[in-house]
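Q: Hi! I'm new to looking at aromatic rings in proteins. Could we go through this one together?

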Amino acid sequence: MTDQINAQPIRTQVATPTPREALAGASYVDRVVGGRVFTMAGSETMSTAPHVSLEHSGMVLSGPTALLTAAHLHARHPGMVFLIEPMSGKTMASKERPLILEMQDSLFPPTVEEMLQRQRVAGAVAAVIPAGFVDLGDAEALKAVLGAAQRVERDDAILPIFAHQKWMGPDHIGQLIAVAKRSEHRVALALGAKQGDPLAMKGGVEGYRARSLLRRGFRSAPQRPGGRGRYSTLLVSGVSQFQIHVDAVSRSGSSSAVITVGVTDR
Amino acid sequence: MLGTVRVARGLTQAELAKSSGVSQAVLSKAESGLVSLDEARLAAVADVLGAPAGLLTLPVDEGAVPYVFHRKRSTLPLSVANRLRAELEWLHLQVAGVVAGEVPVGLARHPLPPDGFESPEEIAREVRASLGVTTGPVMDLVASLEAAGVVVIKRPLGSERIDAMVSWPEAHRPVVLLGDHIPPDRQRFSLAHELAHAVMHQVPSESQEAEADRFAAEFLMPAQVVRGDLSRGPVTVPALAQLKSKWRVSIAALLRRAWDLDVISDGRYRQLNIELSRAGYRSIEPVVLVDEVPALMGDLVSKRLELGESVADIARDAFLNEEEFADLYLRRAAA
């Protein structure tokens with residue numbers, strides 16, 4: 001199975017981090033992450049980096065040492081496009097606490113702005129909002145995540161929706177799309193499950209493939225005055241043991257996962 | 001209402017014509033409103049139908065045509081579905097005549113937005129709050145609905161292929177017609193399912209049944225609380241049977257809830273379903289719940305009688321013959 005759209009990467013001219021600035025047409029986030037396949041390699045980030053295409057790919061750094069790794073990566077591979085995944089997805093979001101504002105070595109809880117700025121200072125091309133994990137059917141938490149993200153007034157921010165795998169099922173995907181459509185920021189989906197392997201769940205693999213359904217949903221969204229689609233999808237693997245690539249989902253046996261970026265609705 | 005009453009009585013035009021002596025052609029025109037029956041013919045038809053003559057000449061309220069919901073709707077004979085629809089339409093007149101504004105409707109419509117931004121679960125939580133059910137199980141669903149002005153009528157439906165039906169026409173109150181053949185646990189879920197239709201659905205859709213089930217599950221077993229109960233220990237049939245007493249829903253409904261909330265895996269869900277089938281619990285479940293009995297209509301009739309009105313007066317208001325009214329709202333209510 002091949003997703004023809006994703007199989008032909010968008011040849012963006014922006015292969016290196018770009019200062020935040022008003023760009024004509026595509027949004028800043030589209031320009032820097034659009035069409036790239038991001039690799040998440042965990043503790044093998046530095047050894048994997050030389051094999052990552054600077055033009056068509058990128059990396060996602062995660063874990064408590066991500067900021068430190070970012071400094072090394074930025075120094076050794078200055079052209080590398082990367083994002084820093086916040087640890088927030090490991091904590092349950094709630095209506096009262098949609099964002100998880102915690103930072104290592106910080107005496108007081110940081111502000112959202114501080115957390116985002118620290119990612120950018122570390123060299124990330126965009127800032128990933130520290131949203132909590134949205135449990136299955138917890139619409140109030142999902143909307144609270146959206147509400148909190150809407151208050152982030154920067155155009156380099158990505159809203160990750162760390163959500164239970166079953167949000168991609170027929171009962172819930174409509175609401176997930178409706179919420180994502182309202183986002184002022186580009187949306188990244190990170191799917192996970194509270195128990196076991198999300199891909200082993202009934203409909204798990206189909207759930208990942210359901211991003212095509214997401215794209216259809218996004219395509220029906222209102223268009224910006226420039227005629228460009230307002231929304232895009234960024235599919236992020238919620239697990240580290242499986243390889244996600246285009247429309248095929250296969251066990252890789254390695255600790256790496258591939259993040260497929262689909263900015264296609266133009 | 002001639003055609004509606006005829007269908008509610010389960011008669012065809014030909015059968016009514018034969019019994020009443022009024023030609024089928026005339027009946028057909030009368031039902032369409034093209035001609036009016038003279039006094040003698042009207043009396044003959046009313047006599048066969050066992051209905052007040054005044055009811056038969058009432059215009060049909062087009063807005064009161066109800067939806068019929070059933071889990072195996074396709075297996076329900078059309079004639080039965082039509083009869084029950086007509087019965088429900090007539091029931092609205094009976095309810096309006098008896099209740100007469102005594103109990104205000106404390107329930108609000110909340111249609112699902114077409115873009116899916118709101119979920120049935122969210123609406124279920126709102127409705128729970130509006131009915132004063134703050135947390136935990138709904139102890140007496142029928143009583144909660146009646147307190148909100150929803151009329152629940154429980155009687156034989158003439159078919160076991162349908163559990164319940166509901167309609168909430170504009171300018172009327174919601175009326176639920178509930179079959180008396182279903183066990184209490186199933187009755188509660190059916191009632192919550194019909195409540196969902198009343199609140200969320202004004203226009204039929206392909207997903208309406210699944211949406212109503214999701215509403216009913218959240219309404220009776222709110223995720224925030226039931227998840228803790230289901231996660232407290234291993235999910236087994238005996239554990240679910242214990243929870244059945246608390247949550248007052250079927251073991252099957254609790255099992256499905258555990259799977260929907262990701263408390264148990266797909267494999268465990270399949271395994272427990274097989275266990276339920278092997279034990280025969282698909283037909284008859286252990287742990288019998290207390291039946292919930294509607295009381296609103298009976299109470300209102302009693303109140304009016306205490307205030308000095310006669311059975312004949314109230315029956316006339318309800319567009320029923322006195323004997324049938326007494327049977328439906330006095331004898332059955334007392335039983």
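Predicted model: local features only at pLDDT ≥ 70, side-chain atom pairs only at ≥ 80, totals over all residues.

Q: Where in the chain do W259(B) and Y269(B) sit?
A: The pair links distant parts of chain B. W259(B) belongs to helix 13 (residues 251-260), while Y269(B) is in helix 14 (residues 266-278), 10 residues apart.

Q: Is W259(B) buried or exposed?
A: Buried, because its relative accessible area is 13%, and the cut-off for buried is under 20%. Y269(B) counts as buried too, at 16%.

Q: OK, another pair. Why do F325(B) and Y329(B) count as tilted?
A: Their planes are at 45 degrees, so the pair is tilted; the cut-offs are under 30 degrees for stacked and over 60 for edge-to-face. The ring centres are 5.3 Å apart.

Q: And which helix are F325(B) and Y329(B) in?
A: Both lie in helix 17 (residues 322-334) of chain B. They are four residues apart, about one turn of the helix. F325(B) is buried at 0% relative accessible area, and Y329(B) is buried at 3%.

Q: Changing topic: what sits over the ring of F117(B)?
A: That's the charged end of K143(A), 4.3 Å from the ring centre.

Q: And which residue lies over the face of W168(B)?
A: R109(B) does, at 4.2 Å from the ring centre.

Conventions: Residues numbered from 1 in each chain as written. Chains lettered and ligands numbered in written order. Heavy atoms only, no water. Helix = DSSP H or I, 4+ residues; strand = E, 2+ residues; numbered from the N terminus. Buried < 20%, exposed > 50% of the residue type's maximum accessible area, 1.4 Å probe, protein only. Phe/Tyr/Trp six-rings, centres within 6.5 Å; stacked < 30°, edge-to-face > 60°. Lys NZ or Arg CZ within 6 Å of the ring centre and 35° of its normal.
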